Amino acid sequence: ATSVTTTRGIFHPVTSKRTFVSGDPATNLKQRQERVKVPVTPRQWQSKVDQTIRLSAEDEDLVREIQKLQQKRDSSLLSLWEDLTEEKRTLIFARVFEPVILEYAHQNHAQKTQELLALARTRKVKVRSGLYRLLISLFNANKNFKEVERYFDEARKLGIILGVNNYTMMINAYNKSGKISKAELLFEETRKTGVADEYIYTVMVGVYGRLDNIAKVNEYFGKLLADGLRPTIRTYNIVLSTYVRLGKVAEAESWWDRIQKSGCAPDLVTYNTIIDMYAKLGDEAKVNELV
């Protein structure tokens, strides 16, 4: 590959080595010997690709069109990509890999997403850590929990730092897939590392609320408070609705009072839950009081 002279020195597009040219031959020699390595930013990486493969103006327009379609979440992007010749796809792959794979994930094409990611690795195309976070989010939105788990595990093996939203999605995915023990282990990990927030606790409260396991509901609610976090109205609603569903009227009334004193404003779900309980009990006075 040909080295490129820039205002900051000589940049080699393959090795990512930059040799700084100074007026002092001794200094210049020392810098060469130390083989100064400059961190590669995404822009530099893109520049590196461009220097090894020059695209025609027509191909540049094609790249921009694909990027634009992905930004608009236009599914015609996939038809455009699949209609290209293999030679053309290979030529522009490094430039459009991310928009294409994101659209495949958005359309819940798990197999195609896996194939494209594997191809990127084979061709040594740089894969941003943020791409994994986006794949987890997209497959979670599609309720494809198997793929959420795939990319979550893959990202962790690669040492990619995931956000609290990704952990929440993974815990929720484990719960939806019936892998409660895995959800508990991951929850405890987030708790120890300080990643856990009130939303992760609320997910765990909700898991046991759906199972009508009131003991576990109270346990996780207690952990939330013990860790100095404030319950959301959704957290309160889960506890309240669990007691109502189990027919525990006194406890439900106690939690209703607790919500009102908490400073957390009841929402429509809260009111519907408590009104429905009194309606089933035939307590018209209480219903009229709340309506």
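Predicted model: local features only at pLDDT ≥ 70, side-chain atom pairs only at ≥ 80, totals over all residues.

Student: Which residues touch the most other members in the largest nonpolar core?

Tutor: They are Trp-81, Ile-92, Phe-97 and Val-100, in a core of 76 residues. Helix α5, residues 86–106, supplies the largest share of this core, with nine residues.

Student: And which residues does Val-100 touch, leaving out those up to four places away in sequence?

Tutor: Val-100 touches Ile-66, Leu-77, Leu-78, Trp-81 and Leu-116. As general background, nonpolar side chains tend to be buried together in soluble globular proteins.

Student: Let us change topic. How many salt bridges are there?

Tutor: The count comes to 19 salt bridges. In general, side chains of opposite charge can pair when their charged atoms come close.

Student: With which residue does Arg-89 form a salt bridge?

Tutor: Its partner is Glu-86, and the closest N and O atoms are 2.8 Å apart. The two residues are three apart in helix α5, so about one helical turn separates Arg-89 from Glu-86.

Student: Is Arg-89 buried or exposed?

Tutor: Arg-89 is buried, as its relative accessible area is 18%. Glu-86, by contrast, counts as partly exposed at 47% relative accessibility.

Student: What about Lys-179, with which residue does it form a salt bridge?

Tutor: Lys-179 pairs with Glu-149, with 2.9 Å between the closest N and O atoms. This pair links distant parts of the chain, 30 residues apart: Lys-179 is in the loop between α9 (164–176) and α10 (180–193), and Glu-149 is in helix α8 (residues 145–157). Lys-179 is partly exposed at 32% relative accessibility, whereas Glu-149 is buried with a relative accessible area of 11%.

Student: Where are Arg-245 and Asp-212 in the chain?

Tutor: Arg-245 and Asp-212 form a salt bridge, their closest N and O atoms being 2.9 Å apart. Arg-245 lies in helix α13 (residues 233–245) and Asp-212 in the loop between α11 (198–210) and α12 (214–226); the pair links distant parts of the chain, 33 residues apart. Arg-245 counts as partly exposed, at 46% relative accessibility, and Asp-212 is partly exposed too, with a relative accessible area of 33%.

Student: One last point: which residues are linked in a network of salt bridges?

Tutor: Such a network links Glu-184, Glu-188, Arg-191, Lys-216, Glu-219, Lys-223 and Asp-227.

Definitions and conventions: Residues numbered from 1 in each chain as written. Heavy atoms only, no water. Core = buried A, V, L, I, M, F, W, Y, C linked by side-chain atoms within 4.5 Å. Buried < 20%, exposed > 50% of the residue type's maximum accessible area, 1.4 Å probe, protein only. Helix = DSSP H or I, 4+ residues; strand = E, 2+ residues; numbered from the N terminus. Contact = heavy atoms within 4.5 Å. Salt bridge = Lys/Arg side-chain N within 4 Å of Asp/Glu carboxyl O.
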